[in-house]
Amino acid sequence: MVDVPLTHGIALAVVLFLVGLVGLLTRKNILFMLMSVEIMLNAAGLTFIIGSTRWGQADGQVMFIFILSMAAAEVAVGLALILQFYKKFNTLDVDAASKLKG
Amino acid sequence: MILADLLWIIVAMPFAIFLVLAFFGNKLSTNLTAIIAVSGTGTSALLTILLGWSFLSAPPEDYSLSSQLWEWMNTGGLVTSVSLRLDTLSLVFIFVITFIGFLILVYSTEFMKNEDGYARFFAYMNLFIGSMLILVLADNLLLLYLGWEGVGLCSYLLIGFWYKDPVNGYAARKAFIMTRIGDTALIIGLFLLFTEFGTLNIADILSAAPEKWASGDPTARLAAFLLLGGAVGKSAQLPLQTWLPDAMAGPSPVSALIHAATMVTAGVYLIARTHTIFELAPIAQCAVAIIGATTLLVAGFSALTQSDIKRVLAYSTMSQIGYMFLALGVGAWSAAVFHFMIHAFFKALLFLGAGAIIMVLHHEHNMFKMGGLYKKLPVIFWTFLIASASLAALPLISAGFYSKDLILWETFASTAGGTQLWFLGYVGAFITALYTARMVFVTFFGPTGIEPTQRPGLLITLPLVVLALFSFAGGFIELPHTLGHVQVFSGFIHHTLPHLEIGDVAESSELILQIITGLTSLIAVGAAYVLYVRRRIWTDSIKKSKLVTQLHSFWKAGWGFDTAYENILVRPVVYLSRINKNDVVDLIPLGLSKAMLYFNNVLVYSQNGKLRWYMAVITLGAILTLTISILL
């Protein structure tokens with residue numbers, strides 16, 4: 001097995017996270033925002049995997065499985081919400097839902 | 001002792017009647033109301049006469065009776081009981097209050113017959129009399145203060161009795177506020193006396209004062225001046241006198257009650273009651289004399305120019321109370337009380353007579369529109385004449401001569417008095433006789449004015465006749481050395497109040513002074529006769545001179561005191577309060593809430609409902625937190 005240096009793995013996670021974050025901040029379409037959140041989750045999962053490989057412990061793998069299952073649940077709820085959103089506003093633009101402003 | 005038990009009944013009767021009339025007055029018929037209204041004070045008057053008789057025939061120990069009713073409060077060293085104390089001084093006062101009060105009530109039953117609020121009127125009158133009885137019978141200063149305030153309240157209610165006219169309400173408020181200034185001084189004086197002596201019992205304070213204070217002690221002076229402040233307010237002396245002429249807005253019987261039996265004499269009573277404190281503060285006592293002498297002149301000149309018959313009488317009351325203050329100030333205690341009693345008789349009579357005239361002439365107050373009434377209203381004329389003779393102090397035949405002469409002589413002879421004060425009083429006597437004679441001549445003689453349409457009934461004339469009897473005969477219980485030397489009254493009063501210290505004056509000068517004052521009042525009456533009956537033209541030509549006109553309007557307006565107070569006090573206060581309409585102090589809490597509102601708006605702006613904006617802020621916050629936690 002080829003040893004990937006720790007820093008490379010971390011850098012990849014950071015890049016993934018930033019990609020997700022920037023997508024979240026710039027996208028208006030709520031569907032893409034959900035996808036960006038998924039990318040960020042994966043970045044976090046990747047960090048756990050890297051950590052567990054680095055110290056040779058299984059905890060990180062366990063955490064990743066947790067994150068994976070939680071992401072699945074989240075996507076289910078999120079997609080349902082997006083459907084409702086579309087029904088109500090007839091658009092996927094997130095700025096349309098701004099009734100909770102002060 | 002049984003006699004002491006009568007005391008509370010005397011006080012309770014008017015209050016009981018007040019309650020009955022206040023609660024059931026609307027349901028009672030007019031006649032029944034009248035009978036109930038008169039009965040209470042009548043009973044008190046009878047009991048007072050009974051007490052007076054027993055005082056004269058079989059005097060109790062120390063010439064005083066006391067009866068403790070119940071303990072009022074007992075807290076933090078202040079033990080106050082509701083207890084009454086009767087001595088010779090308060091006996092004179094309750095006699096005047098109940099007896100004259102009774103006559104005034106009898107008179108009012110007819111006088112007020114066709115007025116709205118008949119029961120209300122008598123309820124107030126009874127409360128008034130009851131409060132005054134509390135005032136003079138109280139054995140401690142707190143209870144006295146209760147009566148004092150009760151009197152103030154009733155004067156407000158009664159002066160503003162015809163409340164539908166705003167002018168009357170204004171006069172009532174003025175009386176209340178002006179006397180309240182004095183009341184404040186009095187209550188501060190009470191606090192001072194309590195901190196000094198730890199008690200408010202009058203007898204205890206008076207016996208402890210000479211041991212605690214040397215003569216001229218600054219604390220004693222302060223206490224005396226504070227008490228004087230209260231007395232000045234209630235008794236309408238300078239500089240708090242302006243409410244009295246306006247108090248004429250009330251019905252005439254109210255004026256009679258205020259001026260003769262209650263209210264304005266409260267100040268005289270207070271000073272006489274606390275005489276020991278004034279004796280320990282010679283400066284304060286001197287101030288009493290000077291205030292009295294000044295007031296009697298100021299009010300006298302004002303009375304000379306009034307055209308409203310009741311206002312003449314109002315100013316004359318101020319002037320006569322000034323004489324009492326003068327007597328108190330020079331230490332002539334019994335002379336002051338004697339003049340109070342005589343004054344009560346003739347002043348009540350004058351007001352009731354004036355009220356009767358005003359009634360039969362359809363509420364005409366201007367005496368220059370009257371004239372020629374002596375044939376048409378004989379009973380009123382003769383009784384009014386007797387009272388006026390007393391007020392003018394016509395020598396030998398009037399009661400007022402004996403009381404006023406006593407004051408003038410004792411002012412002259414007293415160590416605290418002197419020639420200057422005597423001279424002021426003497427000038428006042430001349431003016432008094434002049435304005436009194438002017439009032440009588442203008443009202444009853446001269447060309448006929450308005451025709452009276454009705455005759456006063458028996459219930460009106462009877463009190464007048466009784467009061468006339470007392471105004472005439474009352475003087476003979478106290479005659480000077482030169483004329484018979486009778487000292488029934490002062491002998492009676494001296495059981496409570498000390499004797500006057502006579503200075504180094506020759507006995508013969510008393511006779512000379514009497515002749516001078518007697519002749520003076522005769523000359524004044526003669527002058528008034530010439531000016532207002534014989535030679536009206538002279539008066540008219542005098543009036544044309546510009547100086548006289550100005551002086552006339554100046555005096556008629558009461559020496560411009562009202563205007564001065566308006567300019568010095570009322571206007572600046574109103575101006576300041578207008579500036580301060582939004583209340584400076586409120587700025588602090590209001591500013592606080594404004595700042596809150598501002599920050600709220602700022603934060604509300606951040607909550608714009610944009611999900612991505614929230615996201616960005618969360619990111620920014622996370623970065624900041626991380627940066628800080630790494631850096632620190």
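Hi everyone, let me start with the domains: chain B is split into domain 1, residues 331-544, and domain 2, residues 583-631. Their centres, taken over C-alpha atoms, are separated by 84 Å. Before I go on, please keep in mind that this is a predicted model.

Now for the overall picture of chain B. Along the principal axes, its C-alpha atoms fill a box of roughly 115 × 60 × 55 Å. For secondary structure, we have 26 helices and two strands. Of the 632 residues in chain B, 50% are buried. And if you look at contacts in chain B with a separation of 6 or more, 80% of them join residues 24 or more positions apart.

Let me zoom in on one helix, H10 of chain B, which covers residues 252-261. How many of its residues are buried? The count is 10 of the 10, so H10(B) is largely enclosed by the rest of the structure. Reading along the helix, you pass B:Ser252, B:Pro253, B:Val254, B:Ser255 and B:Ala256, then B:Leu257, B:Ile258, B:His259, B:Ala260 and B:Ala261, each one buried. And what covers them? The cover includes H3, H4 (118-137), H5 (141-159), H14 (309-329) and H15 (333-360), which are helices of chain B. One backbone detail for those of you who like torsions: just after H10(B), B:Met263 has a positive phi of about 60 degrees.

H3 of chain B also brings me to a helix pair. H3(B), residues 88-111, packs with H19(B), residues 458-473, at an angle of about 155 degrees, and the two axes are 7 Å apart. An angle over 145 degrees counts as roughly antiparallel, and therefore that is how H3(B) and H19(B) run relative to each other. Their crossing is left-handed. On the H3(B) side, the contact is made by B:Leu103, B:Val106, B:Tyr107, B:Thr109, B:Glu110 and B:Phe111. H19(B) answers with B:Leu459, B:Ile460, B:Pro463, B:Val466 and B:Leu467. By class, the contact has nine nonpolar residues, one polar and one charged.

Last stop, the contact between the chains. Chain B and chain A each put in 10 residues. Which helix gives the largest share of the chain B side? That would be H26 of chain B, residues 611-631, with five residues. The side of chain B that touches chain A is made up of four nonpolar, four polar and two charged residues.

Technical notes: Residues numbered from 1 in each chain as written. Chains lettered and ligands numbered in written order. Predicted model: local features only at pLDDT ≥ 70, side-chain atom pairs only at ≥ 80, totals over all residues. Contact = placed C-beta atoms within 7 Å. Helix = DSSP H or I, 4+ residues; strand = E, 2+ residues; numbered from the N terminus. Nonpolar A, V, L, I, M, F, W, Y, C, P; charged D, E, K, R; others polar. Domains from an automatic or database assignment. Axes fitted to C-alpha atoms, helices over the stretch in contact; angles between N-to-C directions. Parallel < 35°, antiparallel > 145°, perpendicular 65-115°, else oblique. Left-handed = near helix turned anticlockwise from the far one by under 90°. Buried ≥ 20, exposed ≤ 12 C-beta atoms within 10 Å, placed from the backbone.
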